[in-house]
Each structure stands twice: as structure tokens, then as C-alpha cells.
Amino acid sequence: MAAQMRLVTATRAGLFEDSGGLLRAGVMEGFDTPVLVILGSDTTPIFRATLRGLQDRLPDVTAATIPGAGHMVPLSHAQQTAAVIHQWMRTKGLEPGLAEATENPHAG
């Protein structure tokens, strides 16, 4: 993990300096795609604050909390994460048809 810390440093411009301009007035407010944010119930408080900020600015945000999970919820609670995503997609009308979801484009 320590060897990967250089990657965290490399993201500084995007994370702390808004290099992509996402925090400019009106940018997030104009984003019309539904967004799902999944948090673990045991994650650090900064992620809940981030969620509140996103909810204040994005027009269509759904938040889901997975009990007993921490920051790495998709890895530690993969089944629950998949279930939350699947249900959210159904609710938003984003669920692909069965043939689309199971078809292998590389099959001969």
C-alpha cells in the first residue's frame, strides 16, 4: 500500500485544486444524469460530508448506505453493492434487457 501513495499525491490537482472545474458555479447543477452514491455505514465522516455537498448541487442524487461496510464497500461487500446498484438501475429505468446483459460480444 505504501508503494501506491505516490498515486494519491498525483491526484492532488483533481482532488484539492479542482483542476477539472467541477466546483465552478452551475457545473454540477447542470448535470442531468442520475447519480448513485454508495457509502458504508462505518466509513469516515468526510465521505458523508462529501455526499451532502453532492446532494446540494446535483439535481438527481440517490444515496445508499450498506450496513457494516467501511470505505471500500464495493470490495468488502460486493454482493450488497451489486444489489443496491441493480435496484437503483431498475428504479431509474436504466436496467439493460436480459439479452444485453448476458450476451458475450466475443462469442463466435
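On a 1 Å grid over the protein atoms alone, a pocket is an open set of points where a 1.4 Å probe fits, with protein on both sides within 12 Å along at least five of seven lines, and lining residues have an atom within 4 Å of a point. Its volume is the space filled by probe spheres set on the points, which are joined across faces, edges and corners.

This is a predicted model, so local features need pLDDT of at least 70 and side-chain atom pairs 80 or more, while totals for chains, interfaces and linings use all residues. Residues are numbered from 1 along each chain, and side-chain values use heavy atoms, with hydrogens and water left out.

**View 1. The largest pocket.** Its volume comes to about 220 Å³. Helix α3 gives the largest share of the lining, four residues; helices here are DSSP runs (H or I, at least four residues) and strands likewise (E, at least two), numbered from the N terminus. Lining residues include F16, D18, T50 and R57.

**View 2. R57 and its surroundings.** R57 sits in α3 (residues 45–57). A polar atom of its side chain lies 3.4 Å from the backbone oxygen of L23. Beyond four places in sequence, R57 is in contact (heavy atoms within 4.5 Å) with residues including L22, A25 and E29.

**View 3. The largest nonpolar core.** Seven residues build it: M28, V35, V37, L39, L51, L58 and V61. Strand β1 (residues 35–40) brings three of them, the largest share. Core members are buried (under 20% relative accessible area, 1.4 Å probe, protein chains only) and joined through side-chain atoms within 4.5 Å.

Notes
Buried < 20%, exposed > 50% of the residue type's maximum accessible area, 1.4 Å probe, protein only. Polar contact = N/O pair within 3.5 Å; in protein donor to acceptor, adjacent residues only side chain to side chain.
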